[in-house]
Amino acid sequence: MAKLLDDDNMQRFLLSGMLVFADKVITAEDSKQIKEWIMMTKVGQLFEEEKIQYGKEIEKNVTQNVTRRKELEFTEKMLCAGLSVKEVSEMMTVLTLEDVREIAGKMRHNSNTANG
């Protein structure tokens, strides 16, 4: 909340007050972050916010990539087990119905090529 204030002096005052008031209530890590925020310049604060945002974006991308890779593996296993394309696609969170159809098509093609 204090980060939203435009007045730097008011921001520092509010954060300092929060720190003193909550000294016994908040964790040492939160206390450290508040102290660091108070000490930062405006440019430093912006840089820190950008770092946090960048980290969240990286985490989101990595999570989606890992989820997609795992869903590709599970899709093939479930299709081999006899589940329909629609049933499999309803269980997926990242893969679409079209993705599952494409995988099923490739599996049929590979099966026909191996048998032919």
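Predicted model: local features only at pLDDT ≥ 70, side-chain atom pairs only at ≥ 80, totals over all residues.
**Entry 1: the overall picture**

I began with a count of elements: the chain has 5 helices and 0 strands, taking helices as DSSP runs of H or I of at least four residues and strands as E runs of at least two, numbered from the N terminus. Read along the sequence, that gives α-α-α-α-α. Residues are numbered from 1 along each chain as its sequence is written, and side-chain values use heavy atoms, with hydrogens and water left out.

Next I looked up the surface. The accessible surface of the chain is about 9100 Å², and 59% of that belongs to carbon and sulfur atoms; the areas come from the Shrake-Rupley method with a 1.4 Å probe, and for residues only the protein chains shown count as cover. Of the 116 residues in the chain, 20% are buried. Here buried means under 20% relative accessible area, exposed over 50%, and partly exposed in between (1.4 Å probe, protein chains only).

I also checked contacts (heavy atoms within 4.5 Å). Among those with a separation of 6 or more, 34% join residues 24 or more positions apart.

**Entry 2: helix H2**

I turned to H2, residues 28-39. Its 12 residues reach 17 Å from first C-alpha to last, close to the 16 Å expected at 1.5 Å a residue; the expected span is 1.5 Å times one less than the number of residues.

Which residues of H2 are buried? I found Ser31, Ile34, Trp37 and Ile38. Seen down the axis of H2, these buried residues fall within an arc of 125°, so they line one face of the helix. The arc is that of the directions from the helix axis to the C-beta atoms. On the face turned away from the buried side, I noted the exposed residues Ala28 and Met39.

**Entry 3: salt bridges**

My search of the whole structure gave 6 salt bridges, each a side-chain nitrogen of Lys or Arg within 4 Å of a carboxyl oxygen of Asp or Glu. I wrote up three.

- Lysine 51 and glutamate 48 meet at 3.2 Å, N to O. Both lie in helix H3 (residues 42-80), 3 residues apart, about one turn of the helix. Lysine 51 is partly exposed at 43% relative accessibility, and glutamate 48 is partly exposed at 24%.
- Glutamate 98 and arginine 101 meet at 2.9 Å, N to O. This pair lies within helix H5, again 3 residues apart. Arginine 101 is partly exposed, at 43%.
- Aspartate 99 pairs with arginine 68, their closest N and O atoms being 3.6 Å apart. Aspartate 99 lies in H5 (residues 97-115) and arginine 68 in H3, so the pair ties together parts that are 31 residues apart in sequence. Aspartate 99 is buried at 19%, whereas arginine 68 is partly exposed at 34%.

A reminder for the pairs within one helix: an α-helix has 3.6 residues a turn, so residues three or four places apart point the same way.

**Entry 4: a nonpolar patch**

What makes up the nonpolar surface patch of about 360 Å²? I listed Tyr54, Ile58, Val62 and Val66. Patch members have over 30% relative accessible area and no salt bridge; like charges are joined within 9 Å and nonpolar side chains (Val, Leu, Ile, Met, Phe, Trp, Tyr) within 5 Å. Valine 66 lies in H3 and is partly exposed at 37% relative accessibility.
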